[in-house]
Amino acid sequence: LLGITSSWLIMDELHITSIAVHPKHQKKGLGKLLIQDLIKRSKSLQINLIHLEVKDTNKKAIAFYTSMGFKVVGNRSNFYKDESDALIFTKQLKKNQTKNA
């Protein structure tokens, strides 16, 4: 096993609960491939938003998710046992469409 992702599909939103790449195989583009595949599958399922959380001290993950087009939209204070905050990231796949009446 080189990499894995898990997520929840809730209506038209995907919540990524975990993404991991084996330490010996990091920095080879596998994480990017996993996220790109989730995005592709999400679009085919007509998902509007993808959400995830990351520890605010995990600078590599923050840089990675930002490079993949995710934006910080919130913060959960003292979320982790070590009292670190969780940053909430979202990637919008579809633009909100307004219907004319």
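**View 1. Isoleucine 16 and its contacts.** Beyond its neighbours within four places in sequence, isoleucine 16 is in contact with Ser6, Ser7, Ile35, Leu38, Ile50, His51, Leu52 and Phe70. Contact here means heavy atoms within 4.5 Å. The model is predicted: local features need pLDDT of at least 70, side-chain atom pairs count only at pLDDT 80 or more, and totals for chains, interfaces and linings use all residues. Residues are numbered from 1 along each chain as its sequence is written, and side-chain values use heavy atoms, with hydrogens and water left out.

**View 2. The largest nonpolar core.** This core has 17 residues. Ile16, Ile35, Ile50, Val54, Tyr65, Phe70 and Phe89 touch the most other members. At least two core residues come from each of strand 2 (13-21), helix 1 (30-44), strand 3 (49-55), helix 2 (59-67) and strand 5 (86-92). A nonpolar core is a set of buried Ala, Val, Leu, Ile, Met, Phe, Trp, Tyr and Cys residues joined through side-chain atoms within 4.5 Å. Buried means under 20% relative accessible area, exposed means over 50%, and partly exposed lies in between (1.4 Å probe, protein chains only).

**View 3. The whole chain.** The protein has two helices and five strands. From the N terminus on, they run β-β-α-β-α-β-β. Helices (H or I, at least four residues) and strands (E, at least two) are DSSP runs, numbered from the N terminus. The C-alpha trace spans about 55 × 30 × 20 Å along its principal axes. Of the 101 residues, 27% count as buried. Among contacts between residues at least 6 apart in sequence, 51% join residues at least 24 apart.

View 4. Glycine 31 and lysine 32 both belong to helix 1. Is glycine 31 buried or exposed? Glycine 31 is buried, because its relative accessible area is 15%. Lysine 32 counts as partly exposed, because its relative accessibility is 42%. Not counting residues up to four places away in sequence, glycine 31 touches Ile19, Val21 and Phe64. With neighbours within four places again left aside, lysine 32 is in contact with Phe64 and Met68. Glycine 31 and threonine 5 are 26 residues apart in sequence, and their C-alpha atoms are 9.1 Å apart in space. Lysine 32 and alanine 86 are 54 residues apart in sequence, and 21 Å apart in space from C-alpha to C-alpha.

**View 5. The two faces of helix 2.** Ala61, Ile62 and Tyr65 are buried in helix 2. They lie on the same side of helix 2, because they cover an arc of only 100 degrees around the axis. That arc is taken from the directions from the helix axis to the C-beta atoms. An α-helix has 3.6 residues a turn, so residues three or four places apart point the same way. The cover over the buried residues of helix 2 includes strand 2, helix 1, strand 3 and strand 5. The face turned away from the buried side carries the exposed residues Lys59, Lys60 and Ser67. Just after helix 2, glycine 69 takes a positive phi of about 90 degrees.

**View 6. The loop between strand 4 and strand 5.** Which loop holds asparagine 78? Asparagine 78 sits between strand 4 (71-76) and strand 5. Its phi is near 50 degrees, a positive value in a residue other than glycine. Glutamate 83 lies in the loop between strand 4 and strand 5. Phi of glutamate 83 is also positive, near 70 degrees. Glutamate 83 counts as exposed, because its relative accessibility is 57%.
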